[in-house]
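Let's take a walk through this one together. Have the viewer open and follow along.

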2 protein chains.
Amino acid sequence: MITETQFQKELEELKENLLKMATLVEGTIHDAVQSLVKRDSELANEIFKREKQINDLELVIDEMCLKLLALRQPMAVDLRFITSAMKIITDLERMGDQAVNIAERALSLNQEPQLKPYIDLPRMAEIAQTMVKDVLDAFVNRDSKLARSVCERDDLVDGLNDQVVRELLTYMMSDPKTITRAVHLMIIARCLERIADHATNIAEDVIFMVDALVIKHHADVKEEKG
Amino acid sequence: MITETQFQKELEELKENLLKMATLVEGTIHDAVQSLVKRDSELANEIFKREKQINDLELVIDEMCLKLLALRQPMAVDLRFITSAMKIITDLERMGDQAVNIAERALSLNQEPQLKPYIDLPRMAEIAQTMVKDVLDAFVNRDSKLARSVCERDDLVDGLNDQVVRELLTYMMSDPKTITRAVHLMIIARCLERIADHATNIAEDVIFMVDALVIKHHADVKEEKG
């Protein structure tokens, strides 16, 4: 017989898998940027294997969610939790894609002299990683306050991205030989910015789920700040 | 009393709304690129309003899906259809975000002399638009053949993007004064490439849904072609 407790156990298992996937993604972002910073092409090649694991985990969790929906027919809060989980794993999987993009650019860049010391990019990666970690914690613990702090950090990443782009434009303008490398680095910054965007998308879903408030498309918070 | 026919009617309504959202997105992509090509900043400003409509429609459809899941407790095929719909509207909404990015860059570019005639960008936009249209048709008609053709077109868009980047790099290297404009144009090309990626993501979901085959992470087709 199916008991309430069994359903709760299955939900716990779902949460564990989500956190596992998030940890994997977080580590992959870190290592992708480290493959650039440490000029470690072997590590860059590791990222491609890691992405495969992320993709496999997405499919496992997706299947798990479908089964929960079909067999347990959850209502209200649990229903929203499971459908949100299905959206979240799509975001996590795409963060993995972005890490692969970073690793590909790192492989190219590692074959040429280093254009400049990398300071802002690892900083962006670090913030993006904590956003991924915190937003998943916010999701499984239904913590909308933590989710809001993730949204706020998105501005930091956007600011760093603008700074990186401005700096690289200066390099490009003063020496055309730097253009190809500078474009690679701009793309890497953009990948990190997109990872932060994905985390922010999840955060907005969490806030929506928890507070049943549609902040996604009415950025009142931003207006207040502005 | 709830009849099977009522449920079918609700599914039809869901399909209509999905197609409506896709048409809106398609038109927005078109107009965003036209605001660049025709140097029409008024049209670029229209895009921001259009994005709001897209966002509102996403929320309406999301709610509709949740209600269907909660009240109708669909099984198997219908269950997968509804959860896929929920993921698809997220992709459509993000295509709207990309259109906004394009419009923002167009606004900047329209204030400066035109760097070059725009030929590849409208071509990329055109392909991306048909991908959006076709992938939604493929979804509502459960047509995996059409979905596969969408996946194939992604390579065309990627190829055009590479071409645009190469050409713009040449401009940048020969004349540093072109760098800022060239970067804007590279970003626009990348936005179009990302729109095509979103369409491809949906196409992979459709194929998964229809054929219950996991092609998403095992690109056999690509290997055969390669």
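How many residues does α2(B) have, and how far does it reach from its first C-alpha to its last? It has 32 residues and spans 47 Å, close to the 46 Å expected at 1.5 Å a residue (the expected span is 1.5 Å times one less than the number of residues). Helices here are DSSP runs of H or I, at least four residues, numbered from the N terminus.

Before going on, some housekeeping: this is a predicted model, where local features need pLDDT of at least 70 and side-chain atom pairs count only at pLDDT 80 or more, while totals for chains, interfaces and linings use all residues. Residues are numbered from 1 along each chain as its sequence is written, and chains are lettered from A and ligands numbered from 1 in the order in which they are written.

Back to α2(B): its buried residues include B:Ile47, B:Glu51, B:Asp62 and B:Leu69 (buried is 20 or more other C-beta atoms within 10 Å of a residue's own, exposed is 12 or fewer, partly exposed is in between, with C-beta atoms placed from the backbone). In the loop between α1 (4-37) and α2 of chain B sits B:Arg39, another non-glycine with a positive phi, about 50°.

Over in chain A, helix α2 (residues 41-72) and helix α3 (residues 76-109) pack at about 170°, with their axes 9 Å apart (axes are lines fitted to C-alpha atoms over the stretch in contact, and angles run from 0 to 180 degrees between N-to-C directions). That makes the two roughly antiparallel, the term for angles over 145 degrees.

Finally, 23 residues of chain B are in contact with 22 residues of chain A, contact being C-beta atoms, placed from the backbone, within 7 Å.

Methods
Two residues are in contact if their C-beta atoms, placed from the backbone, lie within 7 Å. Angles under 35 degrees count as roughly parallel, over 145 as roughly antiparallel, 65 to 115 as roughly perpendicular and the rest as oblique.
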